[in-house]
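Colleague: Could you take me through this model and tell me what stands behind the words you use for it?

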Amino acid sequence: MQKPIWIKNPLAILNSKCAGGLIVKNNTIVELVGLGESPKSISLPDLDIFDASQHVVIPGLINTHHHFYQTLTRACPIALNKPLFPWLQSLYPVWARLTPKMLASASRLALAELMLSGCSTAADHHYLFPAPLSDAIDIQVEAVKELGLRAHLTRGSMSLGEDQGGLPPQSTVQNEQTILDDSRRLIQKYHQNEDGAYLQVALAPCSPFSVSTDLMQASAELASEYNVRLHTHLAETHDETDFCLKMFGLRPVDYLEKVGWLSSNAWLAHGIHFNDEEIARLGKAKVGITHCPSSNMVLSSGICRTLELENAGCPVGLGVDGSASNDGSNLIQEVRQAMLIGRLLYDANEMTHHSALRFATQGSADCLGRSDIGRLEVGAQADIAFFKLDEMRFSGAGDPLAALLLCGAHKADHLMVGGQWRVKNGEIPNLDIDALMAEHHQLGQELQQL
């Protein structure tokens, strides 16, 4: 049986109450140790000690929006330098060729990339189910179990193809009964309700321009029946607003309310183009918003009004988004991007490094409806990321916590998930990354037919 661990005397830590470190027992944090103090709950001979004097210690980062499969189409030539709708129309025919082997490899690589950036919980939005990929979520479950992260896998869907006025090609959409039946199956098979859950399922119609009103409403009803969460893209571009006005006669937030999604059970990706009145309504309903700064910049979509949404009452989390619009899956770098782009909207003393770290920890946890992760508190899950400041980029840094973002940390030294070491000395034990990369790159070339 593993002895309790004292994570001792960190160089810096994202909770001033535990400058002397944390005590981890089994899967949870059981004590916060003050500066210069010794543990009180467990005697020293009964503790293993992890010397954290060279580490900046933060909660394991939480990624609340991703598309794992898109790691196969980074910097895809046919999609370069395009805004969202033309970008999607370029890539949908490529993604329609996805195979189970491709999705498995893409999921493993995306999860590994996230882990090495300090991420302990990952939400993925998979909405492509061409005929060979009917078991896409099951494939992702196996990848998650292999690597040992927590995951919120969302059963995405598209039912409104080009023939019905939507954007996706018909080969990528499913009929609505198939979608609902599979959603029910996945919840019953995989969803865990308890604190410390490693796997949860959410329902995630892709977007207002790829599913019908009936499916949006039916998904909300099914989510309520099983007490699972709802997720979708919303208000990412002005094109989306124009589409909603043309198709439904409503702006995106009005449409969201019409289909029964304006609730604390839902979190939305992007959330850029809200007016003041809509922000107030979203905040009153406590709808979560995932900020995806790099993707929003790559696709020239706009800037999310994070602090105003947060002040209105919305949980605001962080997401790397797909690796074909971000072109990376590095969450600690995304925290830096959130801080920097936020300073184009807000004063530097409002959008601080603490603000951005809050989005990626507590805010992301709140988006997922969880109070057991994203925090360095007694009773929280022992999901903890450790970063060293031993690269040239950090030389001369004064404030270690601020240096993580200002100097551009990009790789975690250690990562603990539920008290278990999942990254050690910058490597994932028992994972042959070179072999994974070789396989993944070859499959990516096949998918793009280069």
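Predicted model: local features only at pLDDT ≥ 70, side-chain atom pairs only at ≥ 80, totals over all residues.

Colleague: Why are α4 and α5 called roughly parallel to each other?
Modeller: Helices are DSSP runs of H or I with at least four residues, strands are runs of E with at least two, and numbering starts from the N terminus. Axes are lines fitted to C-alpha atoms, for helices over the stretch in contact, with angles from 0 to 180 degrees between N-to-C directions. The axes of α4 (residues 176-190) and α5 (residues 213-226) cross at roughly 20° and come within 11 Å. Angles under 35 degrees count as roughly parallel, over 145 as roughly antiparallel, 65 to 115 as roughly perpendicular and the rest as oblique. The two helices α4 and α5 are therefore roughly parallel.

Colleague: Which residues of α4 and α5 make the contact?
Modeller: Contact means heavy atoms within 4.5 Å. Among the residues that make it are I179, L180 and I187 of α4, and L215, A218 and L222 of α5.

Colleague: What makes R74 and E113 a salt bridge?
Modeller: The term needs a side-chain nitrogen of Lys or Arg within 4 Å of a carboxyl oxygen of Asp or Glu. For R74 and E113 the N to O distance is 2.9 Å, so the pair qualifies. The structure holds 20 salt bridges.

Colleague: How do you know that β1 and β3 pair?
Modeller: Two strands pair if DSSP finds at least two bridges between them. Strands β1 (residues 5-8) and β3 (residues 21-25) have 4 bridges and run in the antiparallel sense, so they meet that definition. W6 stands opposite I23 in β3. Their open sheet has 4 strands with mixed pairing, in the order β4-β3-β1-β5. At its edges stand β4 (28-33) and β5 (48-51), each with a single partner strand, so one side of each is left without a neighbour in the sheet.

Colleague: And what joins β6 to β15?
Modeller: Strands β6 (residues 55-59) and β15 (residues 384-388) run antiparallel and are joined by 5 bridges. One of the partner pairs is H55 with K388 in β15. Both strands belong to an open sheet of 5 strands with the order β2-β6-β15-β16-β17.

Key. Residues numbered from 1 in each chain as written. Heavy atoms only, no water.
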